[in-house]
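Dear colleague,

I am passing on a structure that I have been looking through, and I would be glad if you could read the notes below alongside it.

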Amino acid sequence: MVVDDSTWILTFAILIAVLVFDVFVIGRKPHEPSTKECTIAISIYITGALLFAVFVGRFWEPVYGGEFIAGWLTEYSLSVDNLFIFLIIMSKLKVPRQLQQYALMVGIVLALFFRGVFIALGAAVIERFTWVFFLFGAFLLYTAFDLVREYRQHAPKEVGDNAAMRWVKKHFRLADEFHGTKMSIRTGETSMMTPMFLVVVALGTTDVLFALDSIPAVFGLTQEPYLVFAANVFALMGLRQLYFLMGGLLKKLVYLSVGLSIVLAFIGVKLILHALHHFHVVTWEVPLLVSLGVIIGTLALTTVASLVKTSHDRPHEAG
C-alpha cells in the first residue's frame, strides 16, 4: 500500500480537524450531553469510519479496507473497555458531572498524542526488526491472560495513587475543591493545583497504558501506518459522547473483558504466526476474513451474552 505525502497530509488534516471540532468547539462548554446529542454524534462518526473503509478499498485494494475495519473495530472495543477505567477515575476523584466532559476532552487529546508517538515508534521498529512481532504477540497474550484474571477475581485495573499522582501530591499544594476547569488557583501568595489537575494526571498515565495495549493489537491486523493512524483516530471520535450515552450500559457489558481477551489472544497468535512465516518457519498466515470473523463474532456474542445475563440477574436482585 503506497500512500503519498499529499494523501497523508490531507487525511491527517481532515481527521484531526473533525476531532478538534468535536472536542474544542462542540465540547467547549462543560455540560452533560443529551442522549440525542450523543446518538447523533456517534452515528456520524461510525458512518464516517465505514465510508473511510469504502474509500480505502476503492482507492487502493479491498483487502486494505478490510484491514482498516478490523483495526478500527478492535480499537473501538478497547476504547469502550477503557471507558470503565474513566468511570472509576471520575468516581474516585469525585469529578462533578458537569465537568466530566472537559476531563474526557483532555483525556482524548492526551490519548491521541500518546498513540501518535507509539504508532511512529512501532512503525519504525517493525520496519527494521521483524522479530519484534514475537514480542508484540507475547505481550498481547499476556494482556489477554491479565484480562481473564481480572474477570475471574472481579478485580478491575488499579487506577488509584500511581507513581505520577503520588509525585504530584508530594511536590504540589492541592486545593480541596474543584474550581471549574482550572488546573491551578492562587490564594494570596500561594499557588495551588486543583483536583482537576490530578484528574488530568490520572487520565494521562492511564492513556499511556491504553496505548501499550492498543498499538500492538492494531499492528497485528495491519502493518500499514496510514491505516493504524486512521483506525486510532476514528476510535477516539465520539468517545466523549459514548461515555455519557453508555454510562449505564457499560456496567451491563459484564463479559466485555472476556471477549477482548479472546480477541487480543487471537491477534497475539496471529502476530507470532506472521513472524514465523517471515522467517520461513511456517507457510500459513491467518487470512483477513478469518480475522474479521473472529473479531466481529466474538464482540457480538460477548455483547449479547452480557445483556442476556444482566437482564436475567435484574429480577433476582429486585427480589
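In what follows, contact means heavy atoms within 4.5 Å. Please keep in mind that this is a predicted model.

Let me begin with Ala-230, which has its place in helix H8, spanning residues 225–236. Leaving aside residues up to four places away in sequence, Ala-230 touches Leu-15, Phe-52 and Phe-68. Ala-230 also lies 8.3 Å from Phe-12, C-alpha to C-alpha, although 218 residues separate Ala-230 and Phe-12 in sequence. The relative accessible area of Ala-230 is 0%, and Ala-230 is therefore buried, given that the term applies under 20%.

The second residue is Thr-143, which is found in helix H5, residues 132–153. With a relative accessibility of 8%, Thr-143 counts as buried, because that value falls under the 20% cut-off. When residues up to four places away in sequence are not counted, Thr-143 touches Asp-213 and Leu-264.

Finally, there is a helix pair to look at. Two packed helices are described by the angle between their axes and the distance between the axes. For helix H4 (residues 100–128) and helix H7 (residues 195–219), the axes come within 8 Å and cross at roughly 35 degrees, and the crossing in which H4 passes H7 is right-handed. Sorted by class, the contact of H4 with H7 has 19 nonpolar residues, together with four polar and two charged ones.

Technical notes:
Residues numbered from 1 in each chain as written. Predicted model: local features only at pLDDT ≥ 70, side-chain atom pairs only at ≥ 80, totals over all residues. Heavy atoms only, no water. Helix = DSSP H or I, 4+ residues; strand = E, 2+ residues; numbered from the N terminus. Buried < 20%, exposed > 50% of the residue type's maximum accessible area, 1.4 Å probe, protein only. Axes fitted to C-alpha atoms, helices over the stretch in contact; angles between N-to-C directions. Left-handed = near helix turned anticlockwise from the far one by under 90°. Nonpolar A, V, L, I, M, F, W, Y, C, P; charged D, E, K, R; others polar.
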